[in-house]
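Here are a few friendly notes to read beside the model. Have a look at the structure, then go through the points below.

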Amino acid sequence: MSKQTDNYAALASALRLGYDMTNNVIHGQWNGYHIIIYAADSRYPYWLTVQTSARNPYGANPSKEQIKAFTKAVKPINSLVQDGNHVRININFAMGGKAALEKLTACMVESLNAFTSFLYQGGFIPCCSMCGMQKYAAPHWSAGNYYHLCADCETSMRQKLAVAKQPKPENIVGGIVGALLGSLLGVLCIVVLGQAGYVAALSGVIMAVGVLKGYELLGGRLTKKGIVISIIIMLGMTYVGNQLDWAVALYTKGGASDFGFNLFDCYRMVPRALSGGVIESRAYWGNMALIYIFLLLGAVPTIYGRVKEKQQQGLLIKIGSAASYNSPPQWK
Ligand SMILES: [Zn+2]
């Protein structure tokens, strides 16, 4: 168990709330409102978001001024966001030492009391975040978002996700065409940045996103086969981008345009310019190596992210249904 898991469990226990350690979410009721507490950005585990689902049945929402006055008055609360029936507050807490649990607990109690009384005074009644009806709504997670769902909305959301998950037929030829079209964005980026004197991971990201999105758009869906084809296209088109970058350099800085050569002639001249010493071979291979390193840096997280997104597609997770914490939690 990680230190962070232990600390969340200790915080949940101090607040007398539940902790779902599989999904890393603290959940429960506070003054009648169903709340979940989670880190919106996993890199900052103690910048916590508290989310509830509630609405004013008469549609009277707090004004910008009221929200500003509220977040100013309650020190630990950085911001309050109302997004449909979702209402969230953000609490940024800097961690420090063993006393942190006490401090964090005190901050959370203050924030939760202030938040729930703000909602109560604004006439907000707990509801389902989808249909807005005043029914029991359990916390859920799907595709990166949290919801409080009533039983009916949970069922209909599961059905919708199941339909969306139905595999569409894959059109490999379409996918290849799409990937090639998408890769042109990456090539453009390599050339434009290259001419400006940069080699950047940005080109790799754009190449990867362009190829994967292109494959999916025209190929219908992205399968393992599609990913392999996409990687081959990325490698090949990165080479083309690099050659084109040198061709543009020959055309403009090399003065080839003055001799009546066009850009295509220059592209064909790159290998000869390299063997003839017009292009310095160290610069050429060094640049090529950099471009491929940056492709790796840009493409690997993109592909990993897409694969993870695919795996999580169609999932609706009920918070608090799986794991519980057995031993008394300790702050570490
Ligand atoms: Zn509902």
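Over how many bridges do strand E8 and E9 pair, and in which sense?

1. E8 (residues 138-142) and E9 pair over five bridges, in the antiparallel sense; two strands count as paired if DSSP finds at least two bridges between them. Within this pairing, Trp 141 stands opposite Tyr 146 in E9. Please keep in mind that this is a predicted model, in which local features need pLDDT of at least 70, side-chain atom pairs count only at pLDDT 80 or more, and totals for chains, interfaces and linings use all residues. Residues are numbered from 1 along each chain as its sequence is written.

2. The open sheet has three strands in the order E9-E8-E10, with antiparallel pairing. Strand E9 (145-149) and strand E10 (317-318) are at the edges with a single partner strand each, so one side of each has no neighbour in the sheet.

3. In total, the chain has nine helices and 10 strands. These are DSSP runs numbered from the N terminus (helices: H or I, at least four residues; strands: E, at least two).

4. Domain 1 covers 3-143 and domain 2 covers 172-312, with bounds from an automatic or database domain assignment. Their centres, taken over C-alpha atoms, are 45 Å apart.

5. On overall dimensions, the C-alpha atoms fill a box of roughly 80 × 50 × 45 Å along the principal axes.

6. Of the contacts with a separation of 6 or more, 65% join residues 24 or more positions apart; a contact means C-beta atoms, placed from the backbone, within 7 Å.

Definitions and conventions:
Contact = placed C-beta atoms within 7 Å.
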